[in-house]
Amino acid sequence: MLGHKVALGAVLLTALQLLMRFVDIVSLVIMARLLTPADFGLVALAASVLAIVRATTELNVGDALVQRKEIDPRDVDTAFTLNALRALLVAAIIAATAWPMATFYSDARLIAILLVLSLVPLLSGFTSPALVHFLHRLEYGPGARVQLIGRMVGFVVAVAVAYVTLSYWALIASQLVMPLVSTVYSYILAPYRPRFRLAGARSLLNFAGWTTASRFISTVNLQSDRFLIGHILGKAQLGQYTVGSDMASMATYAFAGPIMETMFGGFARLRGDPDRMRAAYLKAQRMLVIILLPFGFGLAAVADHIVRLVLGPNWDSVVIVIYWLAPVVSLQVLYLPLLSLSMAVGQPKVLVVREAVNFGMRVPLTLGGAWYFGLLGAVVARSLGGLAIIGMTLMIARRFVQISVVRQLSNIWRSLISVAVMVGGVELLKHAIAPFPDTFTQVVQLAALVATGAVLYACTHLALWVAARRPDGAEQFIFNMISKRGKA
């Protein structure tokens, strides 16, 4: 019953996340047509400051409450107080970085941008803490709707500002409107009267401290390369890198986010039962890989067609970024169950170790690659670093849940073979058809490539599953969901 509830929650969250990602894709395409790579690079520098400062003071008190058996209303008040104080601190720090950033990058525009962006944590820091009750009951819809409403209103505002001004301020406007609308809507779904209280803060912070450290290092890993590329290669190249990196990870994270959230709730209820925990861990890995692996490798295979069609001729370097990063990002889903499991059992320090090693590897590799070989060098270095950290994380999982690396890899062998067949078929079809300049033909060619890849992947996976005598796993779960939908 619990597994079924978690699975249904994952399906719901995934559907909502796909809708949000679709909004993001449409927004990205429109913005790329109206703005320049340098505009994206400028905003990326400021947004990276925002992301790192917010991660530095991250207080995941909501996660600390979810993993408890019962939620005390007084702890909800404490969570609200801690988040409000953090929001004020983050806003002040971001505002204080405005002048140093403008001086370092010799661009006075960063002062105004960062001062405006300092309002973002203030707007999001006062979200209704009562939403945690939904997560505690494994009800993920309300929280996802809060994000969706903010995303859609932010999209409308951003497009309107972009059309009127043709300015990078459209990107800033979107980041302001999203948390404002989401916060207001959160009180409609989860009414709460703000109460300031700090009693019980220590127990919340003991849990949040490790997750804060982990997410801080993770955010620095994700954002530091943008500072390096922006400083070494300039804002235009940074814009190409930022858009390519976002496109490479967009589809994967659309699925990974909701599945991780539901896994966290499910693992939290399996504490004390190591056998069921290991079985759930392997099943989660299979489900993630069977769904997400074809998105990353498929996107890389058709990157040249997609970029030429949706972004236009000014974004050629984005193809290189997607080609190298998308497959690695999709492979990284192998360690997502470990992230959820370590938090669910109250051992978030495992994440800190992984992120610290990742940081020590990724930053020097990216710096060296960008310095000596330009954008291509930075992208290849990041890709190689990502593969290394995947291997290291699988070894951590071996010690943490007593599942060998070989067992984890053999757990997904059907998906690995299927994706290889898919990429091979798509590449053969690409070489067999000649590119045409008109838009309609490009759309038809892209649709044919995507359809071919999807059919090859699904058919190969199904054939391998049948040949393996239909073992219980992700394929069986998908068939069960389809049959239930058909009966309904």
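Two residues are in contact here when they have heavy atoms within 4.5 Å of each other. With that in mind, 84% of the contacts in this protein between residues at least 6 apart in sequence join residues at least 24 apart. The structure is a predicted model, so let us begin with its overall make-up and its confidence, and then visit a few places in turn.

**Overall picture and confidence**

The protein has 21 helices and 0 strands. Of its 488 residues, 53% are buried. The mean pLDDT is 79, and 75% of the residues reach 70 or more.

Where is confidence lowest, and where is it highest? The lowest mean, 59, belongs to helix α3 (residues 61–66), and the highest, 93, to helix α19 (residues 413–432).

**Two helices packed on α20**

Two packed helices are described by the angle between their axes and the distance between the axes. The table gives both values for two pairs that include helix α20 (residues 439–467).

| Helix pair | Angle between axes | Axis distance | Handedness of crossing |
|---|---|---|---|
| α14 and α20 | about 150° | 10 Å | left-handed |
| α19 and α20 | roughly 150° | within 8 Å | right-handed |

Take α14 (residues 303–310) and its packing against α20, at an angle of about 150°. Angles over 145 degrees count as roughly antiparallel, so α14 is roughly antiparallel to α20. On the α14 side the contact is made by H305, I306, R308 and L309. On the α20 side it is made by T439, Q442, V443, Q445, L446 and L449. By type, the residues of this contact divide into 5 nonpolar, 4 polar and 1 charged.

Within α14, the buried residues include A303, H305, I306, V307 and L309. Just after this helix comes G312, with a positive phi of about 100°.

The axes of α19 and α20 cross at roughly 150°, and that makes α19 roughly antiparallel to α20 as well. From α19, the residues taking part are W413, R414, S415, I417, S418, V419, V421, M422, G425, V426, L429 and K430. They meet A448, L449, T452, G453, L456, Y457, T460, H461, L464 and W465 in α20. The residues of this contact divide into 13 nonpolar, 7 polar and 2 charged.

Leaving aside neighbours within four places in sequence, R414 is in contact with H461, L464, W465, A468, P471 and E475.

S383 sits in helix α17 (residues 349–401). Its relative accessibility is 5%, so S383 counts as buried. Which residues does S383 contact, apart from neighbours within four places in sequence? They are W324, L325 and V328.

V161 lies in helix α9. This residue is partly exposed, with a relative accessible area of 22%. Not counting residues up to four places away in sequence, V161 touches L166, W169, A170 and A173. The C-alpha atoms of V161 and L171, which are 10 residues apart along the chain, are separated by 8.7 Å.

L166, one of the residues touched by V161, belongs to the loop between α9 (141–165) and α10 (169–189). Exposed means over 50% relative accessible area, and L166 has 52%, so it counts as exposed.

R469 is in the loop between α20 and α21 (474–487). Phi of R469 is near 70°, a positive value in a residue other than glycine. At 77% relative accessibility, R469 counts as exposed.

Technical notes
Residues numbered from 1 in each chain as written. Predicted model: local features only at pLDDT ≥ 70, side-chain atom pairs only at ≥ 80, totals over all residues. Heavy atoms only, no water. Helix = DSSP H or I, 4+ residues; strand = E, 2+ residues; numbered from the N terminus. Buried < 20%, exposed > 50% of the residue type's maximum accessible area, 1.4 Å probe, protein only. Axes fitted to C-alpha atoms, helices over the stretch in contact; angles between N-to-C directions. Parallel < 35°, antiparallel > 145°, perpendicular 65-115°, else oblique. Left-handed = near helix turned anticlockwise from the far one by under 90°. Nonpolar A, V, L, I, M, F, W, Y, C, P; charged D, E, K, R; others polar. pLDDT = per-residue confidence, 0-100.
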